[in-house]
Amino acid sequence: MVKICCIGAGYVGGPTMAVIALKCPKIQVVVVDISISRITAWNSDQLPIYEPGLDEVVKQCRGKNLFFSTDVENHVSEADIIFVSVNTPTKNRGLGAGKAPDLTYWESAARMIANVSTSSKIVVEKSTVPVKTAEAVERILTFNSSNISYQILSNPEFLAEGTAIQDLLNPDRVLIGGRETPDGQKAVQALKDVYSHWVPEDRIITTNLWSAELSKLAANAFLAQRISSVNAMSALCEATGADVSQVSNAVGKDTRIGPKFLNASVGFGGSCFQKDILNLIYICECNGLTEVAKYWEQVIKVNDYQKNRFVNRVVSSMFNTVSGKKIAILGYAFKKNTGDTRETPAIDVCKGLLGDKAWLSIYDPQVTEDQIKKDLSMNKFDWDHPVHLQPSNPAAVNQVSIVGDAYEATKDAHGICILTEWDEFKTLDFQKIFDNMKKPAFVFDGRNIVNVKKQREIGFIVYSIGKPLYPWLKDTPAVAKDK
């Protein structure tokens, strides 16, 4: 029996290995992690992450050919194929701080593999890593073991949270990069054989190592670029009276462009987009490609501008102050159908409002109170380090309360900020909400999910990103503050 071990039981490692186990019943799959609490959760009825369909897949395979363990070294030693899915956070100090990825955990994993291995291994990069990481890993493995053959492959993930299980079951493509040598191609074929259990051969793309590593960064940069492009247009739409939804629809009908990722919003989030673009910028700078680096840097600047613009719109609309006012925050995760809060726009929006002394009442159906308070207590990039390196006792956020439903969040509030496009927010009884709010009652829709006309008929003063402005709002321009 082929044995697969995945180092790292997070958002990528857990779901990916669960689907491999489901589709390859004759392969033993073990997910290992040094975090006892995380592995305990994977072995319980309350998985550590929320993803539609994940629960069913894990319960179907767990204990049969899918296992979760903290016995890292033993399972790594026994494995034929080792997936490495550890954090690659952005460095917050030293050379490349604020842009370059911190490969400390990757290097530690590579050294551990070299120390415990007694047989040949295929080591697969699953984390998003900079170009040429495979070469560095190869050197670490080679210099720290003798008479053991290692082949390094790049197999980047292209999952979208909220649809990760479907993405794994029916991927657009599976990308495998390896050395263009006989042994390298043999390793590529071995991993290809795993995916061939359920992925059509024409969707399995093989490249050299460097192309595979760069393709992941490029894909996320292109997607983020589309979001920043439509968000830039949303600001222009508000200034001119155009409707960004109509503009996006017209643009998306062009088959060369297509309609995906053209929804204006408060900004993009998630663990990858910003981190991968910063990584790309750093690589460009290191290779003397200054203009290319500046081009990609603008994608992030527009995203930050959009979040700042949203906060400024809230404050300026409410008589230029939210001090002491209750603001309901509906949605905190970076997108619907996930509990992931990494780089969610809600963090910057909430911090911006708290900076103006607002009182926040936050409701999200999947994000815990502890996670929200931890996020609002952390510095940028702290979230991507292991739990034991994050604040264990988040500073009290005295102006924040976490509540159990949208009606409690909005009771006696002066305004509502919709920051995640959860379906349940589309069917709320807004008349009931309006009746229980302070007047004038404001709705700031950061996801363009409410019916603006109906909300205004109820009596709300509504702001939707990129939509023609309510007369009240035209006199309160939201100009992003300089940093």
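Predicted model: local features only at pLDDT ≥ 70, side-chain atom pairs only at ≥ 80, totals over all residues.
**Exercise 1.** Find the partner of Glu-201 in a salt bridge and state whether Lys-192 is buried or exposed.

*Solution.* 
- The partner of Glu-201 is Lys-192, and their closest N and O atoms are 3.6 Å apart. The cut-off for a salt bridge is 4 Å, so the pair qualifies.
- Glu-201 has 58% relative accessibility and therefore counts as exposed.
- Lys-192 has a relative accessible area of 14%, so this residue is buried.
- The search of the whole structure finds 22 salt bridges.

**Exercise 2.** Which residue forms a salt bridge with Lys-307, and how many residues apart are the two in helix α12?

*Solution.* 
- Asp-304 is the partner, the closest N and O atoms being 3.6 Å apart.
- Both residues belong to helix α12 (residues 290-317) and lie 3 residues apart, about one turn of the helix.
- An α-helix has 3.6 residues a turn, so residues three or four places apart point the same way.
- Both Lys-307 and Asp-304 are buried.

**Exercise 3.** Compare the reach of helix α5 with its expected value, and list what covers its buried residues.

*Solution.* 
- Helix α5 (residues 104-116) has 13 residues. At 1.5 Å a residue, 18 Å is expected; the first C-alpha to the last gives 19 Å, which is close to that value.
- The buried residues of α5 include Tyr-105, Trp-106, Met-112, Ile-113 and Val-116.
- Among the elements covering them are strands β1 (3-7), β4 (81-84), β5 (121-125) and β6 (150-154), together with helices α4 (72-78) and α6 (133-143).

**Exercise 4.** Which members of the largest nonpolar core touch the most other members, and which helix gives the most to this core?

*Solution.* 
- The core has 63 residues, and those touching the most other members are Phe-310, Leu-353, Leu-360, Ile-362, Leu-376 and Phe-460.
- Helix α13 (residues 345-355) gives the most, with 6 residues.
- Leu-376 touches Tyr-332, Ile-347, Cys-350, Lys-351, Leu-354, Ile-362, Val-397 and Val-400, leaving out residues up to four places away in sequence.
- A second, separate core has 39 residues, including Cys-6, Leu-54, Cys-61 and Val-188.

Conventions:
Residues numbered from 1 in each chain as written. Heavy atoms only, no water. Core = buried A, V, L, I, M, F, W, Y, C linked by side-chain atoms within 4.5 Å. Buried < 20%, exposed > 50% of the residue type's maximum accessible area, 1.4 Å probe, protein only. Helix = DSSP H or I, 4+ residues; strand = E, 2+ residues; numbered from the N terminus. Contact = heavy atoms within 4.5 Å. Salt bridge = Lys/Arg side-chain N within 4 Å of Asp/Glu carboxyl O. Expected span 1.5 Å × (residues − 1).
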